[in-house]
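Good morning, colleagues. Please take a moment to look at the model on the screen before I go through selected parts of it.

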Amino acid sequence: MTGMKGGKIRLYPASPTEGNVVLSYCHALFHKYLVEWNFACTTCALKLLMMRISSFLASLARPSFRPVGNWNNLQQRNVHNFEVKKVEGDSRERDVCSSCGFINYKNPKVVVGTLAYTKTKKGFEILMCKRGIFPRKGFWTLPAGFMELKESPEQGAAREAKEETLAEVEIENLLAVYSVPKISEVYLWYRAKLLNPADVGIGEESLEVSLVDPTKLCEADIAFPSVKFVIDHFLADSTGTAIDVQTVTKMAVEPGQDAS
């Protein structure tokens, strides 16, 4: 769909078939913004559609092109005309688009992680990794990270274990819930059986990976209070027979986290 003509990059379709692809792409996007996102007017939908098309054409001219940021942020910053005001039936002030009435709800972020264990002759060993990124680079933690779109918490927890430690895990049950309202984050920790203890390795965000005896951990080496919290809860019921999920609300921020 791209080429050179007269020393210039061609951005129009090379054939009717390719033209149909572009038209189908634009039609699908416009339908998504108007129907699925329920925009009250076409103005914001058209603005977002043009942004998408511009990025799409740029990617044809330069295959390595990627837009800066994510489309949710671009939508919020460049498409809507936001003003802060009360919404009918809501107790809080929200960012509301004065053009189409779109309400930009800001919700807490969800972090999912695993305490993956393997049985030994003396008890249990748990899978931990030394952080290779900030905050708390060089400290030990359990595999965890933010949920991605269109995945369940269990899927996200297993994915993070794979990415950070190359581990294959079998999620067993929700072990603990840890929340930090100051920075609007909620942590879901899952007990998981480690399926490949001999094959774990160092992921892209880790400096080291190790199976450790949780009873011999040095608290000063642990990256975050939430990690110590979930390990302590695991040790309190390492048989996995507890019915209640342990929960805690931490009013202060985690070390190295921005409270703003």
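I shall speak about strand pairing, then a pocket, and lastly one glutamate.

This is a predicted model, in which local features need pLDDT of at least 70 and side-chain atom pairs count only at pLDDT 80 or more, while totals for chains, interfaces and linings use all residues. Residues are numbered from 1 along each chain as its sequence is written, and side-chain values use heavy atoms, with hydrogens and water left out.

Let me begin with the strands. Helices (H or I, at least four residues) and strands (E, at least two) are DSSP runs numbered from the N terminus, and two strands pair if DSSP finds at least two bridges between them. Strand 10, residues 169-180, pairs with strand 11, residues 185-194, in the antiparallel sense over 10 bridges. The two form a hairpin with four residues between them, and in that turn Ser184 has a positive phi of about 55°. Strand 10 also pairs with strand 13, residues 246-249, here in the parallel sense and over four bridges.

Elsewhere, three strands form an open antiparallel sheet in the order 3-4-5. Its edge strands, each pairing on one side only, are strand 3 (82-86) and strand 5 (103-104). Strand 4, residues 93-97, is joined to strand 5 by two bridges, and Asp95 has Asn104 in strand 5 as its bridge partner.

I turn now to the second largest pocket. A pocket is an open set of points on a 1 Å grid over the protein atoms alone, where a 1.4 Å probe fits, with protein on both sides within 12 Å along at least five of seven lines; lining residues have an atom within 4 Å of a point. The volume, the space filled by probe spheres set on the points, is about 190 Å³. Of the 12 lining residues, Thr120, Lys122, Gly123, Phe124 and Asp213 lie nearest the centre. Strand 7 (123-131) and helix 5 (225-236) each give two or more residues to this lining, and strand 7 gives the most, with three.

What is the setting of Glu160? Glu160 lies in helix 4, residues 153-165. Glu160 is buried, with a relative accessible area of 6%, because buried means under 20% (1.4 Å probe, protein chains only). Among the residues that Glu160 touches, beyond four places away in sequence, are Val112, Pro143 and Phe146; contact means heavy atoms within 4.5 Å.

Technical notes: Buried < 20%, exposed > 50% of the residue type's maximum accessible area, 1.4 Å probe, protein only.
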